[in-house]
Amino acid sequence: MSVLQSRYEERDFDEQNALRIVGARENNLKDVSVSIPKGKLVVFTGVSGSGKSSLVFDTIAVESQRQLNETFSWFVRNRLPKYEKPDVEAMYNLSTAIVIDQKPVGGNARSTVGTMTDIYSLMRLLFSRIGEPSAGASTAYSFNDPAGMCPQCDGLGHAMQVDLDKLLDKSKSLKEGAIQFPMFGQGTWQWQIYANSGYFDLDKPLSAYSDQEWDNLLYGKGEKVPIKSSGGVAQVAYEGLIHRFNRLYLKRDVSTLAKKNMEAVMNVVAEQDCSACHGARLNEAALSSVVNGHNIAQCSMMEIADLIEVLKEIQDSIGGPVASAIITQLAAHMRYGIRLPIPSS
Ligand SMILES: [Zn+2]
């Protein structure tokens, strides 16, 4: 990395406000510390392997993205790429990075449109026009829009779900601490909902529970349970462990949770394929709407060459123009690896 230098006019350099990197060790970087002036065009040069990309893309851009992502809600963050903290001692005055990829968008007959956002939006338009039965407007076919997304996984195709083997130690009774989640731990307010419900023998290990007891523990709904706290006795409606956990920790913006609590949640959940949409990300209305026998999720997973064949069959005056616009896009993508500007009408 010794050949890597940033050059600037000393007199123009505002060290106070410069982007400062201390002790960068990502990939082959050997404890590099550097100040980069802001508001200037700065060029990183050096022989191949000297660490230009490690510093610019893998350190500066990654940390910038990572910090930016942390400002979004849990819901949005789940949709963004995940970044590990780069190996660097400290960075100061970091601002938002915009990365313009040096790799051209590669396209070939074997790619699919699932990841091509602009073509997918034309597909949504097509389905909103001629999908049968119609799911509604073009947003009704979008997994990023509440109108089209699978309600169970919020359009992600996978969902964080409680892992019962992590949440419960079945060899223990409720009194012995069978619930291994600190916020529901023995003696807590939450724990009393189960302990005071009258549904369970507190000394019985969970492994000895009957089916009925399991059902009550995990999914039960029912009468008011007295909960003792410093403020007196409160009456709280009984709610099974899974429903309660999902409602309190998975169906809300958990970014508002303290870090310690967030870690506790992560310890008892696992990411699993969504049981409602099986990864297709859309709700039932969108998935049951078809064009020539294919729904939009199936179309978006087709290889481009196959999708073009399907689209060629659409000749009617409502769907035809959209279909041929998509074909033009797909053909350009296959031939040149580019996306054409989409007409805005
Ligand atoms: Zn789903």
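In which loop does Asp-31 lie? Asp-31 is placed in the loop between β1 and β2, where helices (H or I, at least four residues) and strands (E, at least two) are DSSP runs numbered from the N terminus. The structure is a predicted model, in which local features need pLDDT of at least 70 and side-chain atom pairs count only at pLDDT 80 or more, whereas totals for chains, interfaces and linings use all residues. Residues are numbered from 1 along each chain as its sequence is written, and side-chain values use heavy atoms, with hydrogens and water left out.

The protein comprises 12 helices and nine strands. Of its 345 residues, 40% count as buried, a class defined by a relative accessible area under 20%, with exposed set at over 50% and partly exposed in between (1.4 Å probe, protein chains only). Contact is taken as heavy atoms within 4.5 Å. Among contacts between residues at least 6 apart in sequence, 63% join residues at least 24 apart.

Three strands in the order β2-β1-β3 make up an open sheet with antiparallel pairing; two strands are said to pair if DSSP finds at least two bridges between them. The edges are formed by β2 (32-36) and β3 (88-92), each of which pairs on one side only. Neighbouring strands of this sheet are turned by 5° against each other on average, direction ignored. Axes are lines fitted to C-alpha atoms, for helices over the stretch in contact, and angles run from 0 to 180 degrees between N-to-C directions. Strand β1 (residues 19-24) is joined to β3 by four bridges in the antiparallel sense, and the bridge partner of Ala-24 in β3 is Val-88. Helix α1 lies across β1, β2 and β3 and runs at about 115° to β1.

A further antiparallel pair consists of strand β5 (residues 221-229) and β6, joined by seven bridges. These two strands form a hairpin with two residues between them, and Lys-228 stands opposite Val-233 in β6. In helix α6 (residues 211-219), the buried residues are Glu-213, Trp-214, Asn-216, Leu-217 and Leu-218. The cover over the buried residues of α6 includes α4 (164-167), α5 (189-195), β6 (232-239) and α7 (241-250).

Pockets were identified on a 1 Å grid over the protein atoms alone: a pocket is an open set of points where a 1.4 Å probe fits, with protein on both sides within 12 Å along at least five of seven lines, and lining residues have an atom within 4 Å of a point. Grid points are joined across faces, edges and corners, and a volume is the space filled by probe spheres set on the points. The largest pocket holds about 650 Å³ of space. Its lining consists of 20 residues, of which Glu-70, Trp-74, Arg-77, Lys-82 and Met-262 lie nearest the centre. The elements that give two or more residues to this lining are α1 (52-69), α2 (74-77) and α8 (259-267), and α8 gives the most, with four residues. By class, the lining of the largest pocket has eight nonpolar, three polar and nine charged residues; Ala, Val, Leu, Ile, Met, Phe, Trp, Tyr, Cys and Pro count as nonpolar, Asp, Glu, Lys and Arg as charged, and the others, Gly among them, as polar.

The second largest pocket has a volume of about 540 Å³. It is lined by 21 residues, and those closest to its centre are Leu-19, Ile-36, Phe-44, Val-56 and Ile-60. Helix α1 gives the most to this lining, with five residues. The lining of the second largest pocket divides into 15 nonpolar, four polar and two charged residues.

Several loop residues were also examined. Ser-289 is located in the loop between α9 (284-287) and β8 (290-291) and counts as buried because its relative accessibility is 0%. The Glu-132 and Pro-133 pair is joined by a cis peptide bond with omega of about -15°, and Pro-133 is found in the loop between α3 (117-130) and β4 (158-162).

Phi of Asp-31, a residue other than glycine, is near 60°; Asp-31 counts as partly exposed because its relative accessibility is 47%. Arg-281, which is not a glycine, has a positive phi of about 75°. Arg-281 is placed in the loop between β7 (269-273) and α9 and counts as partly exposed, at 26% relative accessibility.
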